[in-house]
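Notebook open. I list below what I looked up, entry by entry.

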Amino acid sequence: METMDTIDPKNAKAGDEVFVIYNNPHTPTVSNVRPAEIVPHPKDPDALALFINDTFHVIEDDDALFASEAAAERAFQEIYDEEKF
């Protein structure tokens, strides 16, 4: 997967709009590309969170945050194509 279209979570700033490959927690086999926003963490003023689907998510160091929907779609296709084989 190309890394030039990703944003290092350590460099994310509140207000950044990103795209992620979101795994549906209710249907584990369903994933899709979703827009998200980097926001101040609601319980930790020194941390940031990912706001997606009206929910806050802790940002992990290994989360893939994409600068564009096209980059996230390319990564999604690469992952999906690898799983077929």
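Entry 1, Asp-16. I began with the accessibility of Asp-16, which is buried at a relative accessible area of 18%. The cut-off for buried is under 20%, so the value of 18% for Asp-16 falls below it. I note that this is a predicted model. I placed Asp-16 in the loop between E1 and strand E2, the latter covering residues 17-23.

I then looked up what Asp-16 touches. Leaving aside neighbours within four places in sequence, I found Asp-16 in contact with Asn-11, Ala-36, Glu-37 and Ile-38. I also found the side chain of Asp-16 at 2.9 Å from the backbone nitrogen of Lys-13. The side chains of these two residues, Lys-13 and Asp-16, meet in a salt bridge as well, at 3.7 Å from N to O. The cut-off for a salt bridge is 4 Å, so the 3.7 Å pair of Lys-13 and Asp-16 counts. Which partner is buried and which exposed? I have Asp-16 as buried, at 18%, and Lys-13 as exposed, with a relative accessible area of 52%.

Entry 2, salt bridges. How many salt bridges does the structure hold? I count two. Besides the pair of Lys-13 and Asp-16, I found Arg-74 bridged to Asp-5, with the closest N and O atoms 2.4 Å apart. This pair links distant parts of the chain: Arg-74 sits in helix H1 (residues 69-83) and Asp-5 in the segment before strand E1 (6-7), 69 residues apart. I have Arg-74 as partly exposed, at a relative accessible area of 40%.

I looked up the pairing of strand E3 (residues 31-40) with strand E4 (residues 48-52) and found it antiparallel, over four bridges. Pro-40 stands opposite Leu-48 in E4. I then followed E4 to strand E5 (residues 55-58), where the pairing is antiparallel over four bridges. Here Ala-49 stands opposite Val-58 in E5. How many residues lie between E4 and E5 in their hairpin? I find two, and Asn-53 in the turn has a positive phi of about 55 degrees.

I located Pro-42 in the loop between E3 and E4. Pro-42 is exposed, with a relative accessible area of 51%. The limit for exposed is over 50%, so Pro-42 at 51% passes it. Not counting residues up to four places away in sequence, Pro-42 touches Ala-49 and Phe-56. For Pro-42 and Phe-56, 14 residues apart along the chain, I read a C-alpha separation of 7.9 Å.

I placed Ile-79 in helix H1 and have it as partly exposed, at 32% relative accessibility. Ile-79 and Gly-15 lie 64 residues apart along the chain, and I read 28 Å between their C-alpha atoms.

Definitions and conventions: Residues are numbered from 1 along each chain as its sequence is written. This is a predicted model: local features need pLDDT of at least 70, side-chain atom pairs count only at pLDDT 80 or more; totals for chains, interfaces and linings use all residues. Side-chain values use heavy atoms; hydrogens and water are left out. Buried means under 20% relative accessible area, exposed over 50%, partly exposed in between (1.4 Å probe, protein chains only). A polar contact is a pair of N or O atoms within 3.5 Å; within protein, one must be able to donate a hydrogen and the other to accept it, and residues adjacent in sequence count only if both atoms are side-chain atoms. Contact means heavy atoms within 4.5 Å. Two strands pair if DSSP finds at least two bridges between them.
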